[in-house]
Amino acid sequence: MKARLRKLFYDLKDSFWLVPAAMVLAGILGALGLVAVDRAGIISDEVLNGSWLYNGGGAGARTLLGAVAATTIGVAGTVFSITIAALSLAAAQMGPRLLRNFTRDRGNQVTLGAFLGTFSYALMVLRSVRTVEEGQFVPHASLTFAIMLAIVCVGTLVYFVGHMATRINVDTVIELVGGDMRAAMQRLTSEEPQASPPPDQFWRNGQNVTDSRRGYLQQLDFGGLADWAAAHDTAIRLLVRPGDYIFPGAPIAVIVRPVDGAAEAIRKASALGSHRASSADLESAVRQLVEVAVRALSPGINDPHTAIGVLDRLGSALCDLAPVYLLSGVVLRAERPALVVPVVQYDALTDSMFHMIRQNARANPHVLIRLLDVLIAVLSCEQDQARIETLQRHAELVMGDAKRNVATPDDLDDVARHYESFMTMRRHGVLGVIGALDS
């Protein structure tokens, strides 16, 4: 249940319609409330006849409200059209999986909501206006507030134009996706060493648990499922992790001692969806960044500077990872493993970060050199020997691709010089590499 509630929360958080719908509702309720204040006669005649409130007649009030309603709904259509155009541009140049960063953008949602909310407010106030022939009623406070909302909409439109011009900038998109990656990394790491998974013999006599559902595993209630396993004196090893696709009828877990209701417990502790969610899947956020770099390196776009910007963010994330531990996926209860979930390992994470970029930039010495520089920076932060071996493996892959694909000898020498700086960093540390890149 917690997993489904968490999925609902993230779905609502990322939805495009929630904020505009809330602002439309606020406009309707605000109109009803202010009209009620006008009907109650709370506002004194001195204030009504002053220069701060609208003090015209019924015909002028209807004209004013009609103009506000017509213009705001018209501009709302323009705003929607600009948003669709921006989405099309982003999908073509940076990949369709990045559209979620535009649809969940609060600036776009608030802008559309401001115009739709003002439109709804003007309509609700307009229905209460009466001329002299109809038994005159002019809601002065409500009309004054409508004028204020119209002025706010003008400012919102100016903000929206500047906001969209910034949002479609590729550097801004890279920073936004990089923020998602850092947030996912914070959730999936720990400052304390993690318990090691039990050996394979522990599961040798286990029984498979299948699942009839299909879709991507988006959320998992680790604690709830571990509590269930401990309460039934068993242990569960999931065969999938958040971000993996669940195939109907395929085994989803192994349980040490068969217990009735295990499949139902797993279903209740998990939530599936039609797409991968980066909130619980670190590799998903990494792949979004990598997709930007790969598209930038394609012959149709040929923008290596964007790929370099992506490499900088990936290197920064690995430097953040240096002093912490990736979660092992082992959940203990009473010092015993109750749940084991497969998790991303450092090797697989770096492969997701660098393989596709290196493969698409194999003949581009500028990008290969920057990749080596990023590996050198990460190496300077890292102390774990296993991780250092992983970084060296990627440096050797870069050098191997350069030897096979970089045709110009001078360019190949530049790549080789940076590779030697990496090896010098590993052998002698930062002091040993000073001046090597400038020599």
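Student: Is Ser 352 buried or exposed?
Tutor: In this predicted model, Ser 352 counts as buried, because its relative accessibility is 15% and the cut-off for buried is under 20%.

Student: Which element holds Ser 352, and what does Ser 352 touch?
Tutor: Ser 352 lies in helix α13. Leaving out residues up to four places away in sequence, its contacts are Glu 283, Val 286, Arg 287 and Val 290.

Student: What about the largest nonpolar core, and which residues have the most contacts inside it?
Tutor: That core has 55 residues, and Met 181, Leu 314, Met 353, Phe 354 and Ile 357 have the most contacts inside it. At least two residues each come from α8 (170-187), α11 (282-296), α12 (304-321), α13 (346-360), α14 (365-381), α15 (385-405) and α16 (409-433).

Student: Which helix gives the largest share?
Tutor: Helix α14 does, with ten residues.

Student: And what does Met 181 touch?
Tutor: Apart from residues up to four places away in sequence, Met 181 touches Leu 282, Ala 285, Val 286, Leu 289, Arg 313, Leu 314, Ala 317 and Met 353.

Student: Which residues does the second core include?
Tutor: The second core is separate and has 24 residues, including Leu 217, Ile 236, Leu 339 and Val 341.

Student: Where does Ile 236 sit relative to β10?
Tutor: Ile 236 stands opposite Leu 339 in β10. The strands concerned, β4 (residues 236-238) and β10 (residues 336-340), run parallel and are joined by two bridges.

Student: How many bridges pair β9 with β10, and in which sense, parallel or antiparallel?
Tutor: Strand β9 (residues 330-333) pairs with β10 over four bridges in the antiparallel sense. Within this pairing, Arg 333 is opposite Arg 336. The two strands form a hairpin with two residues between them, and Ala 334 in the turn has a positive phi of about 55°.

Student: Changing topic, how many aromatic pairs are there in the whole structure?
Tutor: The search finds four. One of them is the edge-to-face pair of Phe 202 and Trp 203, at 4.9 Å centre to centre with 85° between the planes. Phe 202 is partly exposed at 35% relative accessible area, whereas Trp 203 is buried at 7%.

Student: What is the geometry of Tyr 245 and Phe 247?
Tutor: Tyr 245 and Phe 247 are also edge-to-face, with 5.0 Å between centres and 65° between the planes. Tyr 245 is partly exposed at 34%, and Phe 247 is exposed at 52%. Together with Tyr 216, these residues form one aromatic cluster.

Student: Where does the charged end of Arg 39 sit?
Tutor: The charged end of Arg 39 sits over the ring of Phe 137, 4.4 Å from the ring centre.

Methods:
Residues numbered from 1 in each chain as written. Predicted model: local features only at pLDDT ≥ 70, side-chain atom pairs only at ≥ 80, totals over all residues. Heavy atoms only, no water. Pairing = 2+ DSSP bridges. Core = buried A, V, L, I, M, F, W, Y, C linked by side-chain atoms within 4.5 Å. Buried < 20%, exposed > 50% of the residue type's maximum accessible area, 1.4 Å probe, protein only. Contact = heavy atoms within 4.5 Å. Phe/Tyr/Trp six-rings, centres within 6.5 Å; stacked < 30°, edge-to-face > 60°. Lys NZ or Arg CZ within 6 Å of the ring centre and 35° of its normal.
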